[in-house]
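Visitor: I would like to go through this model with you and ask, term by term, what the wording rests on. Could we begin once it is on the screen?

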Amino acid sequence: MNLYIHVLACAFGVGSWISINGLWVELPLIVNILPERWDLPSYLTVIIQLANLSPLLVTLAHQFCPGRLRENLVIYSVLSIGIAACILLALFWKKTTVILGQPHSTAFFILTFFLALVDCTSSVTFLPFMMQLPAKYITTYFIGEGLSGLVPGLVALAQGVGMSECVNVSYVPNNLTEPGQPTFVVETRYLPPNFSPEVFFSFLAVMTAISLGAFFMLNRVPRTFELSSENLVPDDVATVSKGLESPVELTACTNSEEKFEKKTRLLLPVTLDSSYRLAFMYLLVVWVNGVTNGLLPSVQTFSCMPYGNMAYHLSAALSSVANPMACIIAMFFPKRSLVLLGFLCLLGSVFGGYNMAMAAMSPCPLLQDTALGSALIVLSWVFFTGLMSYVKVMVGVILRDRSHSALVWCGAAAQAGSLLGSVVMFPLVNIFHFFQSGDICNNECSL
């Protein structure tokens, strides 16, 4: 029975963010087909932030109508919407409409919004449902949530997205009276992947359906669990309780005034130190989420595509794998030192700065036509994602142990950072065109 519930909890967790993670790893193929091309990721970051309206409404419902919102029905609804959106995405993802004289991927954007709606809502509904089960199954749920990034990344690696080659093509002028000399042009031709995006989106629909089935079965599991044998009373509290039944009580009462005076003297500096630490952790949350969910994803195409589709493909897929791997490392090697977390955040920011610099130099970044340049940009994205993910998890763990209110403000800071990063980058990419796209086969870069 325990193994059965563990499997269901893991499968249920996979459905939390698999749709959006799947879209990100599929971008190396999609950007070459849809009309937005290299600007596509900046649109996605804004759409995903808009989808945070759903968890906001759920939170407000809990606040103003406590006990009236049935989370089971919400989860059934969002997972069903996710399945339908994935199926429709497989059918209509290439459909475009003309807006203000320019073709746009309207169907893709609308369906992406609904997928983001599903995944964002899972953050405020899936975990509260899992709280109804014993604590040991919550860890399994988080493993499934990590697999929601790992599984699409591995499937994308097997798919071989966006491989390309440069082909020398000849054109003969269509003039029968004065035939001219043929002209030769180098064109980029994209090789077909091992399976199409339609198959990949169908795979996402199947995985979401498995998550829905797991949730259905978890709902049918009887709640008659054995009581936990875990010691829920801290040792110091237990000691005091035992002391009240013995003569030690007199000694404790005798020293109470002295202890109170010592605590009073230490209260002010401890409070100030705690406030500074708390402010530092919130700044870390805002910065880490701003760069990982807004600033850098918007320009990943510009930093990677000049090195070729293989570099972009590997950076997207391996970064998706690095995120859950960092969470697993944080589970087995937790480090709560704020000095260490600050250093890791700084180191991750250095890798992020390299990625941003290469994007700003697009379409002619450093070491463009070398294997070293491609390896550096891929490794930079992997280390950037892994380090920032580790910092994000550990700060969340520290704040969770502090208080429920601190964790709520942590979520608010994370959303604020993500929104700020997306709002800053969207005009730079799509209005001011600060980042330039190019053709890997026809870039004219001076040596």
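Visitor: Why is phenylalanine 201 counted as buried?
Guide: In this predicted model, phenylalanine 201 has a relative accessibility of 0%, and since buried means under 20% relative accessible area, phenylalanine 201 counts as buried. Phenylalanine 200, likewise at 0% relative accessibility, counts as buried by that rule.

Visitor: What makes phenylalanine 200 and phenylalanine 201 an aromatic pair, and which kind of pair is it?
Guide: A pair of aromatic rings is described by the distance of the centres and the angle of the planes. For phenylalanine 200 and phenylalanine 201 the centres are 6.3 Å apart, and rings pair if their centres lie within 6.5 Å. The planes stand at 70°, and because planes over 60 degrees apart count as edge-to-face, this pair is edge-to-face.

Visitor: How many aromatic pairs does this rule give?
Guide: The count comes to 18 aromatic pairs. One of them joins phenylalanine 12 and phenylalanine 129, whose ring centres are 5.8 Å apart and whose planes meet at 75°, so that pair is edge-to-face.

Visitor: Which residues meet where α6 packs on α7?
Guide: From α6 come Ser122, Phe126, Leu127 and Met130, and from α7 come Tyr137, Ile138, Tyr141 and Phe142. The residues of this contact divide into seven nonpolar, one polar and no charged.

Visitor: Why is threonine 121 called buried?
Guide: Threonine 121, which is placed in helix α6, has a relative accessible area of 1%; the limit for buried is under 20%, and therefore threonine 121 is buried. Leaving aside neighbours within four places in sequence, threonine 121 is in contact with Ser54, Pro55, Val58, Val74 and Val78.

Visitor: How do you know whether serine 380 is buried or exposed?
Guide: Serine 380 has a relative accessible area of 2%, and because buried means under 20% and exposed over 50%, serine 380 is buried. The place of serine 380 is in helix α15 (residues 371-402), and, not counting residues up to four places away in sequence, serine 380 touches Phe351, Tyr354 and Asn355.

Visitor: What makes valine 288 a buried residue?
Guide: Valine 288, found in helix α11 (residues 256-295), is at 1% relative accessibility and so counts as buried. Apart from neighbours within four places in sequence, valine 288 is in contact with Cys345, Met388, Val391 and Lys392. The C-alpha atoms of valine 288 and glycine 417 are separated by 7.6 Å, although these residues are 129 apart along the chain.

Visitor: What share of the chain is buried?
Guide: Buried residues make up 43% of the 447 residues in the chain, which has 16 helices and four strands.

Definitions and conventions
Residues are numbered from 1 along each chain as its sequence is written. This is a predicted model: local features need pLDDT of at least 70, side-chain atom pairs count only at pLDDT 80 or more; totals for chains, interfaces and linings use all residues. Side-chain values use heavy atoms; hydrogens and water are left out. Helices (H or I, at least four residues) and strands (E, at least two) are DSSP runs, numbered from the N terminus. Buried means under 20% relative accessible area, exposed over 50%, partly exposed in between (1.4 Å probe, protein chains only). Contact means heavy atoms within 4.5 Å. Ala, Val, Leu, Ile, Met, Phe, Trp, Tyr, Cys and Pro count as nonpolar, Asp, Glu, Lys and Arg as charged, and the others, Gly among them, as polar. Rings of Phe, Tyr and Trp (its six-membered ring) pair if their centres lie within 6.5 Å; planes under 30 degrees apart count as stacked, over 60 as edge-to-face and the rest as tilted.
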